[in-house]
Amino acid sequence: MFAVKINMRGAAEILKMIPAVADFTSEDFVARAALFIHRRARQLVPVDTGRLKSDIRMITNLRGIASTASVFTELPYAPYVEEGTKPHFPPPLALEGWVRRHGLGAKFAGRKTSTANLDRQAAFVIARSIAKKGTKPQPFMEPAADELEADSGKRLVESFNRAKARLNQ
């Protein structure tokens, strides 16, 4: 007769560990996932003045299996950068600083140096282009989340292994 013996030796300890492993795994995974998205979004975000990049924040609430995290920015223009805009006519004055920082007034006129008048003219031309085409999306949050999702299984296993190691210490 061929038989496999099964006994419960050691099972009680394992069963006692399962909730702790689940809690530690969840906390580790959520914290590391939030940190990954936070760092990656800051790498991907387009930078002009750096204000949007510096406003990307992260909040974690680590409570075992009920752990949560948020990566966000409160700047009102962030969704327009992420998703782009439909055609609209922005005030050219709002674009003058951007034109000046990128030296587009001089390029617009084919000169080496710019003047306030050239910056104003270039800002108007850009505003007119936005009125016709809108602005292109420059996603930074969604691609960061997509990258995490692509290898989340591997990350979850790593979190589980760290949790087991932490409990075995």
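**Overall architecture and local contacts of the predicted chain**

Of the 169 residues that make up the chain, 25% count as buried in this model, which is a predicted one. The accessible surface of the chain comes to about 11,700 Å², and carbon and sulfur atoms account for 58% of that area. The secondary structure comprises 8 helices and 2 strands, arranged along the sequence in the pattern α-α-β-β-α-α-α-α-α-α. Among contacts between residues at least 6 apart in sequence, 68% join residues that are at least 24 apart.

In soluble globular proteins, nonpolar side chains tend to be buried together. The largest nonpolar core of the chain holds 13 residues, of which Ala 41, Val 45, Leu 52, Ile 56, Phe 140 and Met 141 touch the most other members. Helices α1 (11-44), α3 (78-83) and α7 (141-150) each contribute at least two residues to this core. Apart from this core lies another, of 6 residues, which includes Leu 95, Ala 123, Ala 127 and Ile 130. When neighbours within four places in sequence are set aside, the contacts of Phe 140 include Ala 41, Val 45, Leu 52 and Ile 56, and this residue also touches Leu 44, Pro 46, Ala 78, Val 81 and Glu 82.

The two strands, β1 (residues 57-61) and β2 (residues 68-72), run antiparallel and are joined by 5 bridges, with Arg 57 standing opposite Phe 72 in β2. In the hairpin that these strands form, 6 residues lie between them, and Gly 64 takes a positive phi near 60 degrees. Gly 64 is also in contact with Ser 26, a residue of helix α1. Beyond residues up to four places away in sequence, Ser 26 touches Ile 65 and Ser 67 as well as Gly 64. Ser 26 counts as buried because its relative accessibility is 15%, which falls under the 20% cut-off.

His 102 is found in the loop between α4 (92-101) and α5 (104-109), and with a relative accessibility of 34% this residue counts as partly exposed. Its contacts, leaving aside neighbours within four places in sequence, are with Asp 48 and Lys 107. Although His 102 and Asp 48 are 54 residues apart along the chain, their C-alpha atoms are separated by 8.8 Å, and a polar contact of 2.9 Å joins the side chains of the two residues.

Conventions. Residues are numbered from 1 along each chain as its sequence is written. This is a predicted model: local features need pLDDT of at least 70, side-chain atom pairs count only at pLDDT 80 or more; totals for chains, interfaces and linings use all residues. Side-chain values use heavy atoms; hydrogens and water are left out. A nonpolar core is a set of buried Ala, Val, Leu, Ile, Met, Phe, Trp, Tyr and Cys residues joined through side-chain atoms within 4.5 Å. Buried means under 20% relative accessible area, exposed over 50%, partly exposed in between (1.4 Å probe, protein chains only). Helices (H or I, at least four residues) and strands (E, at least two) are DSSP runs, numbered from the N terminus. Contact means heavy atoms within 4.5 Å. Two strands pair if DSSP finds at least two bridges between them. Accessible areas come from the Shrake-Rupley method with a 1.4 Å probe; for residues, only the protein chains shown count as cover. A polar contact is a pair of N or O atoms within 3.5 Å; within protein, one must be able to donate a hydrogen and the other to accept it, and residues adjacent in sequence count only if both atoms are side-chain atoms.
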